[in-house]
Amino acid sequence: MALVSVFLEILQRPTIGDVLSDLMILIAPLWIAVIVGVLVGWMWKPTWANLGREMLKSSISKASKETASSSSERPMSFGSFPMLNSLKFQLPCYIPWTSDDGVPKEDLSVPPTNLSDWSGTSSELEKEKPGLVNGDDLEHLCKLVDVTDGGPGWIHMMDRSTSTMTFQAWRRDPETGPPQYRSSTIFENANPEMMRDFFWDDEFRLKWDDMIVSAETLEECPATGNMVVRWVRKFPFFCSDREYIIGRRIWESGHLYYCVTKGVPCSTVPRSNKPRRVDLYYSSWCIRAVESKRGNGQLACEVLLFHHEDMGIPWEIAKIGVRQGMWGTAKKIGIGFRAYQKERASDASLSRCAFMAQINTKVSTEYLRSLERSSSGSSDDEVKDSSEKPLGRNIPKLAVVGGAVVLACCLDRGLLTKAVIFGVARRFANIGRRL
């Protein structure tokens with residue numbers, strides 16, 4: 001009651017200036033307490049806070065080792081179980097890559113191998129090295145492209161364009177795992193081979209992608225083009241950077257390229273707190289030639305991108321950041337690609353990564369069609385309005401901000417997450433006030 005009486009007394013001041021000044025004096029201690037609480041919640045972390053996480057990691061690792069030993073005695077494909085096949089792409093893989101015949105990998109200077117058309121079967125795919133990108137990943141990407149992976153419908157997010165590119169984006173929310181994104185970008189005056197090399201060229205990526213701090217190749221196979229690379233991506237100075245151990249490989253069918261990249265385990269690079277490793281990462285493209293939107297007979301290239309990852313940020317909050325930055329990222333890629341075209345036109349020497357991008361596993365059209373026929377489910381190819389209605393009306397601003405303080409102090413996700421939480425809370429409170 002005392003607080004209410006003080007508040008009513010302030011409202012009875014003769015001028016608005018007196019009311020505002022008294023309110024600031026009243027609210028200032030509360031905000032000081034909020035700031036102190038956020039800083040304490042970010043900096044202080046007891047030793048028992050990581051106990052559950054470490055127990056979970058150890059149990060998953062133990063279960064994975066048992067699964068790997070049993071599968072070596074009796075080969076079994078994830079494709080035989082649709083539920084396990086979908087789970088495979090949501091969880092990080094803990095199976096190390098070992099050579100089929102135990103022979104060390106060939107020397108890196110071996111030139112690319114000319115592979116004949118491959119119309120592999122499921123049994124042949126099972127013989128490939130586990131842990132890295134393999135035939136199961138190709139099958140999954142094909143189903144994503146054909147919208148036959150059995151996932152939820154895609155929600156249309158945006159449709160933008162410039163004079164040299166057209167961009168569309170969708171999002172969907174699976175029952176488990178982070179939000180998944182799909183985009184279609186058509187680049188005018190481009191060909192699939194140049195686009196393939198551009199995405200694979202880590203050396204040139206450092207010139208146009210300002211989020212990449214470093215990129216190095218850990219492993220590569222000159223026979224299949226399979227690679228393992230390590231990226232460190234830059235985050236704001238008050239948040240730790242992120243580390244990615246990425247396996248990647250390209251399949252070719254004519255002038256159609258399936259480029260798969262995903263997070264893979266790597267025992268040679270130990271984990272560290274800074275940068276923090278991202279285990280769940282999937283980013284793959286289907287690159288193909290299409291007709292120009294201009295209708296003038298010029299070359300054009302479409303890139304279908306499928307992406308999801310878990311950076312350690314609450315998924316609902318991450319959606320807002322992705323939506324705000326998606327178009328800017330697409331334009332940055334377009335600028336980088338045009339610079340790459342100019343550099344290649346000047347007869348610049350190929351980087352090692354671009355050289356590896358030209359080592360592709362060729363697949364026949366019949367094999368791709370067989371993947372389409374074997375699809376057991378289909379996604380709802382549905383485009384929904386991305387505008388979301390408010391969850392409620394007359395939302396008390398103090399209640400929203402207070403809940404954000406509690407959430408921010410309970411999460412161990414770094415100061416960036418806490419700052420985003422307060423921004424979202426303010427946004428919802430403003431919505432409630434307008435309603």
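Let's start with aromatic pairs: there are 11 of them in this predicted model, counting Phe, Tyr and Trp rings (the six-membered ring for Trp) whose centres lie within 6.5 Å, with planes under 30 degrees apart called stacked, over 60 edge-to-face and the rest tilted. Helices (H or I, at least four residues) and strands (E, at least two) are DSSP runs, numbered from the N terminus. Are these two residues buried or exposed? Both phenylalanine 167 and tryptophan 327 are buried, meaning under 20% relative accessible area, with exposed over 50% and partly exposed in between (1.4 Å probe, protein chains only).

Helix H9 also holds tyrosine 340, which is 142 residues from its partner, phenylalanine 198 in helix H7 (residues 192–200). Phe198 and Tyr340 belong to one aromatic cluster, whose members include Trp200 and Trp285.

Back to Trp327, please: serine 161 touches it and Thr166, leaving out residues up to four places away in sequence; contact means heavy atoms within 4.5 Å. Serine 161 is in strand E1 (residues 155–161).

A quick word on the ground rules. Residues are numbered from 1 along each chain as its sequence is written, and side-chain values use heavy atoms, without hydrogens and water. Local features need pLDDT of at least 70 and side-chain atom pairs 80 or more, while totals for chains, interfaces and linings use all residues.
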